[in-house]
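Thanks for coming. I will go through a few side-chain features of one model, and I will give the cut-offs as I go.

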Amino acid sequence: MGLNGKYSLGILLTFVLLGIVMLYVFPVISMITGAKVVTGNTFFLSRLAIWAVLLILFLYSLFIEKGSFLLQQEKKFSTAFNIKSVIGLYLICVFGGAILNVLIQFFIHKEDSSKILQFTTIFKNDYFLIIFTCLTAGIVEELLMRGYIQPRVEKIYNSPLLGILVSAALFGILHSTYGTIGQVVVPFFIGVVFAMFYKKYSNIKILIVCHFMIDLISLMAMNFIDFKHLSVF
């Protein structure tokens, strides 16, 4: 198998493994632990499963692809640039996501996500779980979607645009388990913004920090003011 074939298999493996985790991790944890409802402990275990996916793909890139996990070489920027980039990306994603949610509500009258409503009680005053969840989303999702998938799609098809769109589309589809249109459209939008930034500046750390901030502020807001429509993780 050629290198592009290995890249294709790795992309498929990423999507399949994440899909399995999103769809079946809670039933499996429930079967093992006997928990009838999602609790803080079972949610924590589900995040560990997502880290396991990252580990598998890291080993795949090391032993099957026999290359670097990140195909794009990381560029270094000044502290001022890093701070401005995180703030700028955060504002674009939050305000852009809010506008999209308003449009969806206006044209489609979307329903609330029962999963997110359920999670608000799990995260209540559990700051360790909030931080661990946000770290998991920021680190694992960015490394897989932008760091792993995007440059490999670009290499396979020799198309930066396709790399951006495919990684963003997969990012949106994987959030479809939350059960609303907004939880697909908004992550897709954020995925496009992040992928364009990664293509131009090749710095995954900035994206990880920004992703972490988006989720942390959303979950903390849900924790304190019971506003249930903020999270985009």
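I start with F44, which is partly exposed, with a relative accessible area of 26%. On the scale used here, buried means under 20% relative accessible area, exposed means over 50%, and partly exposed is in between, with a 1.4 Å probe and protein chains only. F128 counts as exposed, at 57% relative accessibility.

Before going on, the ground rules. This is a predicted model, in which local features need pLDDT of at least 70 and side-chain atom pairs count only at pLDDT 80 or more, while totals for chains, interfaces and linings use all residues. Residues are numbered from 1 along each chain as its sequence is written, and side-chain values use heavy atoms, with hydrogens and water left out.

Now the rings. Rings of Phe, Tyr and Trp (for Trp, its six-membered ring) pair if their centres lie within 6.5 Å; planes under 30 degrees apart count as stacked, over 60 as edge-to-face, and the rest as tilted. The count by this rule is twelve aromatic pairs. One of them joins F44 and F128: the ring centres are 5.9 Å apart and the planes are at 40°, so this pair is tilted. F44 lies in helix α2 (residues 40–63) and F128 in helix α5 (residues 127–157), so the pair ties together parts that are 84 residues apart in sequence. Helices here are DSSP runs of H or I, at least four residues, numbered from the N terminus.

There is also an aromatic cluster, formed by F77, F81, F197 and Y201. Two of its members come up again with S85. That serine is in helix α3 (residues 79–107) and is buried, at 9% relative accessibility. A polar atom of the S85 side chain lies 2.8 Å from the backbone oxygen of F81. Leaving out residues up to four places away in sequence, S85 touches F197 and I206, where contact means heavy atoms within 4.5 Å.

R47 lies over the face of F43, 4.4 Å from the ring centre. R146 lies over the face of F171, at 4.5 Å.

Notes:
Lys NZ or Arg CZ within 6 Å of the ring centre and 35° of its normal. Polar contact = N/O pair within 3.5 Å; in protein donor to acceptor, adjacent residues only side chain to side chain.
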